Amino acid sequence: SRSSAIAPLLGAGIAVAGCRPAVTVAATPSASPSADATATRLPTRYLADRFAAAPVTATGDTLILYTDTGGGANMLWESTIRRLSLTVEQLVQGKDTVRLVRLPTLSSAAGIPLPQPYPPFGERFFVTAQGHDALARDGFLGRTWFADRVWVFDYPRQSLMLLTGSAPSGAAVHRVPLGFQTDSAGRRTTHFPRIRVAVDGD
């Protein structure tokens with residue numbers, strides 16, 4: 001479930017607990033979703049065995065945004081801001097000023113969900129210099145984009161799906177618990193997932 005953040009590692013895909021829909025498809029049988037679950041396949045590019053979100057704007061521009069469940073702030077590069085003529089906002093934080101921007105309106109047929117509205121930037125993207133990486137031509141999607149949602153990374157089918165409804169089920173042998181830092185009320189703080197492993201018995 002979302003609350004226990006269990007990731008079933010299932011035959012053809014990896015489901016991770018962690019919108020604006022694109023193409024809705026039948027949930028992959030290997031992920032064994034519950035009867036009330038709906039899987040939405042998001043527009044992506046599968047590059048070097050990694051997933052980059054590839055939403056299309058209402059004006060027909062495609063964005064290539066690298067996805068990283070352990071990543072920090074959601075970011076758009078300065079070159080992307082200039083290309084799309086996006087409006088930059090200024091946010092003063094102490095003695096520093098950061099530049100933020102919102103995603104442009106996305107196509108209803110090829111959109112992605114916005115980041116969750118968590119501080120410090122909410123749905124806005126941090127503006128920074130270009131990463132010069134084919135996997136992240138236009139920007140980066142990190143922890144608050146994945147937060148509190150259930151995802152299926154299907155590597156054989158090279159697809160990334162967002163599940164709504166109950167999380168997938170699976171045999172205990174295929175389930176790996178993810179750990180999240182929480183506050184005194186049990187709410188997740190950083191939304192960085194972690195996995196405990198034993199190395200040589202330690």
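Begin by selecting Ala48, which takes a positive phi near 55 degrees in the hairpin of β5 and β6, where 2 residues lie between the strands. The model is predicted, so that local features need pLDDT of at least 70 and side-chain atom pairs count only at pLDDT 80 or more, while totals for chains, interfaces and linings use all residues. Residues are numbered from 1 along each chain as its sequence is written, and side-chain values use heavy atoms, with hydrogens and water left out.

Strands here are DSSP runs of E with at least two residues, helices are runs of H or I with at least four residues, and both are numbered from the N terminus; two strands pair if DSSP finds at least two bridges between them. Within this pair, select Tyr46 and then Phe51, its bridge partner in β6.

For a parallel pairing, select strand β7 (residues 65–67) together with strand β12 (residues 139–141), which 3 bridges join. Here Leu65 has Gly139 in β12 as its bridge partner.

Now go to strand β11 (residues 125–128) and select Thr128. Is Thr128 buried or partly exposed? Its relative accessible area is 22%, so Thr128 counts as partly exposed, given that buried means under 20%, exposed over 50%, and partly exposed in between (1.4 Å probe, protein chains only). Show its contacts (heavy atoms within 4.5 Å): Thr128 touches Met75, Leu76, Trp77 and Glu78, not counting residues up to four places away in sequence. The C-alpha atoms of Thr128 and Trp77 are separated by 5.2 Å, although these residues are 51 apart along the chain.

Finally, select the whole protein, whose secondary structure comes to 2 helices and 15 strands. Of its 202 residues, 43% are buried.
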